[in-house]
Amino acid sequence: PGDLFFDMEGDPYALDDDADTGLEYLFGVIELTKKHTPKYHAFWAHSRAEEKTAFEAFIDFVMARREHHPDLHVYHYAPYEPSAMKRLMGSHHTREREVDELLRAEVFVDLYAVVRQGVRIGSESYSLKKVEQLYMERPPGEVMDGGGSIVAYEEYLEHGEQATLDEIEAYNEIGRAHV
């Protein structure tokens, strides 16, 4: 009870500023309700200030949930998410104690490592999109992987269409709901 499934979307080209780190524009997390149905939460950012706010909101969400579920885990796929947490904590100078606590308590669990060690999939890659093919079929759409998410986000930055963000969010949510 209490476990979360987490995925971030980032664009290394989104901002041209002094930080030169791109932008983490979507923190997507799924919790299971008491009825064991998935509930998706999206924390969006379109500027450096909003990135800080989204990062803080995500960490606050995890910490509040941890008060009620001290043994919770935050599942993610590949090491990007914990690395980004450390980078965001340092670059925004916020939530240092909380991120340190989560890392030391080994709250983040990398499912990529679990899958790599426990499943032979008969593919040249263990990317989430290749693994997903074993247990689900994604509905067709422009955003089918992380690279597609970046391209779509760049389109959003150029045209500002909400439908593009909706498609990115749907991609992010679908993958976490089935992990």
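1. Ground rules. This is a predicted model, where local features need pLDDT of at least 70 and side-chain atom pairs count only at pLDDT 80 or more, while totals for chains, interfaces and linings use all residues. Residues are numbered from 1 along each chain as its sequence is written, and side-chain values use heavy atoms, with hydrogens and water left out.

2. The salt-bridge tally. Searching the whole structure turns up 9 salt bridges (a side-chain nitrogen of Lys or Arg within 4 Å of a carboxyl oxygen of Asp or Glu). The next points pick out some of them.

3. Glu-24 and Arg-87. Here the closest N and O atoms sit 2.4 Å apart. (Helices, H or I with at least four residues, and strands, E with at least two, are DSSP runs numbered from the N terminus.) Glu-24 is buried at 2% relative accessibility, whereas Arg-87 is partly exposed at 27%. For those words, buried is under 20% relative accessible area, exposed is over 50%, and partly exposed is in between, using a 1.4 Å probe and protein chains only.

4. Asp-60 and Arg-95. This pair also makes a salt bridge, at 2.8 Å from N to O. Asp-60 is in helix H1 (residues 48-68) and Arg-95 is in the loop between H2 and helix H3 (96-104), so parts 35 residues apart in sequence are tied together. Both ends are partly exposed: Asp-60 has a relative accessibility of 34% and Arg-95 has 21%.

5. A network that includes Glu-98. Salt bridges link Arg-66, Arg-97, Glu-98 and Glu-101 in a network. One of its pairs is Glu-98 with Arg-97, with the closest N and O atoms 3.1 Å apart. Glu-98 is buried, at 15% relative accessible area, but Arg-97 is exposed, at 56%.

6. The two sides of H3. Which residues of H3 are buried? They are Glu-98, Val-99 and Leu-102.

7. Around and after H3. The cover over the buried residues of H3 includes H1, H2 and strand E5 (108-110). Just past the helix, Glu-106 has a positive phi of about 55 degrees.

Methods. Contact means heavy atoms within 4.5 Å.
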